[in-house]
Amino acid sequence: MTRDFDGDRIILRDLGFFGYHGVMPEEAVLGQRFFVDLVCGADLGEAGRSDELGHSISYAEIYEVAKAAFEERRFKLIEAVGQHIVDRLFEAFPAIRWIEVRVKKPSAPIAMVAGEAAIELHRHRDAR
């Protein structure tokens, strides 16, 4: 992990979504399950001292924005899905300084006995 991605973080893992993303024509018709991991860097010091949600970012709201971004449109590449989620989260939550997003496609149309195909993006608000 680089210095740019240090500090406090809000973490959501294995968010399950159903979508029609993919290059193959059947993916656009049949759809499949995807899983998304999010790590959002934000200063949580005041929230820790005050115990007030107003000093933090609601992980429920982060989930809702990520879900809407995932479902908003169809993408061929999971890299584009991840970038779209990042863009929407930065727009919705000015206090987020950086985001790591992993988009996992466990039923990718490739011959694998077990596992998943996935991408991971690391984005800093200042470097968009």
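## Overall fold

Along the sequence, the protein chain runs β-α-β-α-α-α-β-β. That pattern holds four helices and four strands. Helices (H or I, at least four residues) and strands (E, at least two) are DSSP runs, numbered from the N terminus. The model is predicted: local features need pLDDT of at least 70, side-chain atom pairs count only at pLDDT 80 or more, and totals for chains, interfaces and linings use all residues. Residues are numbered from 1 along each chain as its sequence is written, and side-chain values use heavy atoms, with hydrogens and water left out.

The C-alpha trace of the protein chain spans about 50 × 25 × 25 Å along its principal axes. The chain has 128 residues, and 38% of them are buried. Buried means under 20% relative accessible area, exposed means over 50%, and partly exposed lies in between (1.4 Å probe, protein chains only).

## Surface and contacts

The accessible surface of the protein chain is about 7400 Å². Carbon and sulfur atoms supply 52% of that surface. Areas come from the Shrake-Rupley method with a 1.4 Å probe; for residues, only the protein chains shown count as cover.

Contact means heavy atoms within 4.5 Å. Take the contacts in the protein chain with a separation of 6 or more: 64% of them join residues 24 or more positions apart.

## Helices H3 and H4

Helix H3 covers residues 59-72 and helix H4 covers residues 78-92. The two pack at an angle of about 135 degrees, and their axes are 9 Å apart. H3 is therefore oblique to H4. Angles under 35 degrees count as roughly parallel, over 145 as roughly antiparallel, 65 to 115 as roughly perpendicular, and the rest as oblique. Axes are lines fitted to C-alpha atoms, for helices over the stretch in contact, and angles run from 0 to 180 degrees between N-to-C directions. The crossing of H3 and H4 is right-handed, a term for a near helix turned clockwise from the far one by less than a right angle.

From H3, the residues in contact are Ile62, Val65, Ala66, Ala69, Phe70 and Glu72. They meet Val81, His84, Ile85, Arg88, Leu89 and Ala92 in H4. By class, this contact has nine nonpolar, one polar and two charged residues. Ala, Val, Leu, Ile, Met, Phe, Trp, Tyr, Cys and Pro count as nonpolar, Asp, Glu, Lys and Arg as charged, and the others, Gly among them, as polar.

Most residues other than glycine have a negative phi. Asp14 has a positive phi of about 55 degrees and is not a glycine. Asp14 is in strand E1 (residues 9-19). Its relative accessibility is 49%, so Asp14 counts as partly exposed.

Asp51 also is not a glycine, and its phi is positive, near 60 degrees. Asp51 is in the loop between helix H2 (45-50) and H3. Asp51 is exposed, with a relative accessible area of 70%.

Gly31 is in the loop between helix H1 (25-30) and strand E2 (32-41). Its relative accessible area is 17%, so Gly31 is buried. Beyond neighbours within four places in sequence, Gly31 is in contact with Phe18, Gly19, Tyr20 and Glu26. His21 is ten residues from Gly31 along the chain, and their C-alpha atoms are separated by 7.1 Å.

Ile11 is in strand E1. At 44% relative accessibility, Ile11 is partly exposed. Ile11 touches Leu38 and Val39, leaving out residues up to four places away in sequence. Ile11 and Val81 are 70 residues apart in sequence, and 18 Å apart from C-alpha to C-alpha.
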